Amino acid sequence: MMSANTPIIVALDFANSNVALRLAEQLSPTQCRLKVGKELFTSAGPAIVEKLQAKGFEIFLDLKFHDIPNTVAKAVKAAANLGVWMTNVHASGGEEMLQAAANTLSSESSSTKLIAVTVLTSMSQTQWQQLGHQDTIKDSVKKWAISAQSAGLDGVVCSAQEASMIKSVTSTDFLTVTPGIRPLNSSSDDQSRIMTPNKALENSSDFLVIGRPITQAENPAKTLASIYQQLPL
Ligand code: C5P
């Protein structure tokens with residue numbers, strides 16, 4: 001597998017293995033890593049991860065585990081056994097759950113990076129309040145990032161708008177992985193807290209998760225290449 005020098009992670013949000021592989025064939029592991037999420041993993045299973053790895057891609061297995069600590073720890077261990085580059089859990093599962101997940105990786109000396117989802121980027125402040133939260137999104141994100149770092153995780157999934165604020169309350173090597181990235185002139189789809197790739201990097205985002213702007217493009221390879229070339233790397 002290549003160790004890609006790229007901040008771009010392309011979200012392969014597809015219904016089955018064939019479509020995902022067809023897209024992966026058009027992309028280069030030097031320009032992006034790939035994210036396998038709930039839809040693709042549920043339909044295609046670990047085999048799709050192995051097939052993509054065989055093409056040289058590093059994989060972010062985005063299953064956002066959230067359950068009792070023991071169950072999450074075992075799920076994270078199973079992900080690490082697949083040799084994925086990164087996987088994740090929900091920070092709202094609580095510090096004990098985060099610690100159990102982080103401990104299982106460190107006890108195996110696994111190189112899989114573990115990150116915590118703070119508040120989904122599709123969530124707006126109004127929706128957040130309707131759920132009964134008293135804190136603002138920003139305060140919850142801050143609180144969960146601090147708790148993820150003290151539990152031993154490698155970083156968080158957050159909005160690019162929150163990345164520099166997170167770095168200010170954690171250490172600079174604590175990773176910020178940011179979905180909700182939209183190149184200029186592309187549709188925002190169902191995302192609320194969005195940013196362009198360059199702005200996200202300027203705002204201390206370490207990795208940019210980009211789905212539909214690339215996967216639904218007429219020419220995904222060209223779109224990825226043009227975003228990649230515009231990055232201040
Ligand atoms: O198509 P789009 O660029 O919106 O895809 C974003 C990807 O990032 C999706 O796979 C979505 O599940 C994921 N994601 C997100 N917000 C989070 C965590 C993950 O949008 N907080």
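Where does the ligand sit? In this predicted model, the ligand sits in the largest pocket.

View 1. A pocket here is an open set of points on a 1 Å grid over the protein atoms alone, with protein on both sides within 12 Å along at least five of seven lines. Sitting in one takes more than half of the molecule's atoms within 2 Å of its grid points. Two elements, β8 (207-210) and α10 (212-215), each give two or more residues to the shell around the ligand; helices (H or I, at least four residues) and strands (E, at least two) are DSSP runs, numbered from the N terminus.

View 2. Of the 15 residues around the ligand (a heavy atom within 4 Å), D13, K35, R182, G211 and R212 come nearest. Polar contacts are pairs of N or O atoms within 3.5 Å. D13 puts a polar side-chain atom 2.7 Å from a ligand oxygen, and K35 has a polar side-chain atom 2.7 Å from an oxygen of the ligand too. For R212, a polar backbone atom is 2.7 Å from a ligand oxygen. On its own the ligand has 470 Å² of accessible area (Shrake-Rupley, 1.4 Å probe), and the protein covers 88% of that.

**Notes on all views.** Residues are numbered from 1 along each chain as its sequence is written. Local features need pLDDT of at least 70, side-chain atom pairs count only at pLDDT 80 or more, totals for chains, interfaces and linings use all residues, and side-chain values use heavy atoms, leaving out hydrogens and water.

Technical notes. Polar contact = N/O pair within 3.5 Å; in protein donor to acceptor, adjacent residues only side chain to side chain. 1 Å grid on protein atoms, 1.4 Å probe; cavity = no way out; pocket = protein on both sides within 12 Å on 5 of 7 lines; lining within 4 Å.
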